[in-house]
Amino acid sequence: MKWCRSCNLPVFSSYCPLCGEKTLPVNVSPPYDPRPAFPCDVELLRRLLREKLGISDYSKVLVDPILLNRVYRLDSVDEVVIAGEKGLVVEYDCVRRDFIVKPWGKVAGLIAEEKLGYYVELKDDYPRGRHLSRVDIVEGNMPEGEAYVPFTARKTFGILHLSGRNIVVEEVWPKERIERPVGRSITEIFKHLSSRVEFLKEKSLKLIEKYCSKGEIKPIVNFSGGKDSTTVLSIACEAGICEAVLSNTGLEFTMSLEYSRRIGARIGAELHEVYANWRFFEEIFRRHGPPARDNRWCTLVLKILPLNSFLKKRYPLEDVVSITGQRKYESPKRARAGYFAKSNIPGKAKYIMSPILDWTTLDVYAYLYLNKIEVNPLYSKGLPRIGCFMCPTLHMVDFRRIEEFYGQQYRWWLEKLRKHCRERNIDSRWIDYGLWRWLCKHPPHAWQTARRTGLNLAKVVERSIEEIFSLKISKGEIIIIFRSAPSESFRDILNILKVEIRGDKLSYRKCTGTLVGNKIEIMGSSKYLPILLAKIVQAYGMANYCIQCRACLEVCTNKSISLRGRNLQINLDKCSKCEKCIKVCPIAGILLRKIKAYTRLFKANRILS
């Protein structure tokens with residue numbers, strides 16, 4: 001997306017179709033997919049301008065249209081796009097539980113030169129990172145305490161970071177003429193995008209016709225009530241595909257479920273509501289802890305498994321293609337998946353189809369506006385995405401908003417997390433600062449938060465791996481001791497994973513090992529040892545922690561698996577060793593991710609005990 005500075009409009013070409021001027025890129029961070037600012041967002045920005053930057057006249061700073069670009073590599077950071085340029089950076093500090101506001105670019109220059117709020121005039125031009133003293137300041141209006149204040153100098157303007165007695169040049173830009181652009185309402189933007197949206201819709205219809213018109217597969221829309229899936233449902237119904245499924249996990253917002261049922265009926269869809277078995281969620285949470293961004297077992301247990309069961313009963317003889325609202329701007333993984341791909345999870349939904357893969361967030365909102373389709377009311381409360389109210393992919397600022405309007409449910413979730421901490425003797429700061437949202441792949445800002453609060457994250461991960469009593473990794477050898485001895489089906493599952501086991505001896509490619517009680521010692525090639533360890537842990541999880549979800553039974557086409565109480569019974573004579581049962585088992589996946597967490601954080605010769 002680019003921007004025409006003259007027309008103050010987003011443009012998806014090198015030259016503006018209205019005035020013919022060359023367009024400029026919008027200087028925001030990945031994923032380069034800003035959304036419209038809703039009234040609640042604008043109200044928050046006004047409050048922050050007043051409190052953090054001392055500005056009372058918002059009209060010169062907040063010029064419509066105002067867009068928000070969520071920076072997903074950071075936690076709770078939004079870039080505010082004003083007139084096609086980044087004008088403010090708003091960060092929520094989860095330790096201080098307060099916002100940090102940085103004026104940016106021309107907005108910083110405007111505030112300093114017109115003295116709209118806090119500002120500083122410097123004697124000379126200074127480079128970024130220079131430490132200044134009071135003698136370098138000609139005049140100014142500076143707040144007390146830590147803040148980011150815009151400055152103006154001879155040939156530059158920028159922002160200073162004030163912290164105690166320290167004054168540091170944070171950012172510097174060359175002075176340029178600052179023109180006040182023509183204000184545009186967001187509805188003007190949507191109307192301006194009408195021809196582009198019509199082109200994208202026609203492309204989506206052709207994609208649906210290309211991939212979903214085959215007689216041997218059944219297309220069905222995966223509907224969540226979010227803006228993307230609502231757009232896809234509308235387009236699919238226009239293409240003649242009116243059947244959709246709505247997953248009710250038990251963790252959705254009530255108003256979102258009500259919206260989904262209402263809007264599905266208005267669009268003309270036949271909506272099937274699929275309910276999750278809450279017992280599975282409770283049992284996995286109790287034994288293995290909460291879901292995380294790098295351990296999203298909740299999606300498999302609460303959405304995919306119930307959906308597989310529903311589709312198997314409704315379409316026993318057909319493979320299903322799931323039509324989703326996935327867009328490439330949401331993640332690199334979704335961008336790589338393409339318009340049509342095989343599902344990597346065994347089940348009835350063999351294929352995933354993404355007809356709006358190339359759409360931006362503005363395209364989606366423009367489509368809904370132009371087609372007079374109501375938007376989920378949760379967006380107007382400031383949430384950038386719709387899902388479960390405790391989803392680990394949410395940012396801390398999102399949880400702050402959820403606590404305001406969905407307090408009872410959110411407090412229930414916090415108490416559930418606190419109980420888990422008490423049982424595992426985990427520091428409560430892990431919850432307070434949102435660090436429960438990762439199992440082990442904590443990004444740099446999460447480690448920084450842990451250091452600021454004195455939390456030992458490595459110790460938290462260690463206490464989350466209760467299934468393993470000890471693990472020692474050295475060159476050419478791994479010794480693992482489980483909390484309990486592997487159950488009867490452990491050997492059969494290893495056999496499915498192509499690990500040969502005879503008596504107390506096991507082998508896999510260039511590796512060998514011994515099994516005595518709950519202790520397994522493996523030796524061999526450093527290339528294959530981690531692979532064998534992963535297979536052992538998957539088999540142990542599937543055999544010893546079965547929750548009777550029957551996922552493995554449903555994907556087994558040879559009917560070689562049966563249940564006797566909590567014990568799996570596997571008939572190896574019928575088994576084709578396709579490994580689908582292991583891929584769909586939520587516990588096997590959890591144990592696999594936990595062992596990867598251990599080996600990532602605790603290197604060779606470190607013993608977990």
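Tutor: Let's start with pairing: two strands pair if DSSP finds at least two bridges between them, and strands here are DSSP runs of E, at least two residues long. This is a predicted model, where local features need pLDDT of at least 70, side-chain atom pairs count only at pLDDT 80 or more, and totals for chains, interfaces and linings use all residues. Residues are numbered from 1 along each chain as its sequence is written, and side-chain values use heavy atoms, with hydrogens and water left out.

Student: How do you know that S18 and S20 pair?

Tutor: Four bridges join S18 (residues 319–323) to S20 (residues 349–353), and the definition asks for at least two, so they count as a pair. One of the partners is Val320, bridged to Ala349 in S20. The two strands run parallel.

Student: What makes S17 and S19 edge strands?

Tutor: The open sheet has six strands in the order S17-S16-S15-S18-S20-S19, with mixed pairing. S17 (270–275) and S19 (340–342) each pair on one side only.

Student: Which residues lie nearest the centre of the second largest pocket, and what makes a residue part of its lining?

Tutor: A pocket is an open set of points on a 1 Å grid over the protein atoms alone, where a 1.4 Å probe fits, with protein on both sides within 12 Å along at least five of seven lines; lining residues have an atom within 4 Å of a point. Here 45 residues qualify, and Glu91, Asp93, Ile100, Lys102 and Tyr148 lie nearest the centre. Helix H1 (39–53) and helix H14 (444–453) are among the elements that each supply at least two lining residues; helices are DSSP runs of H or I, at least four residues long.
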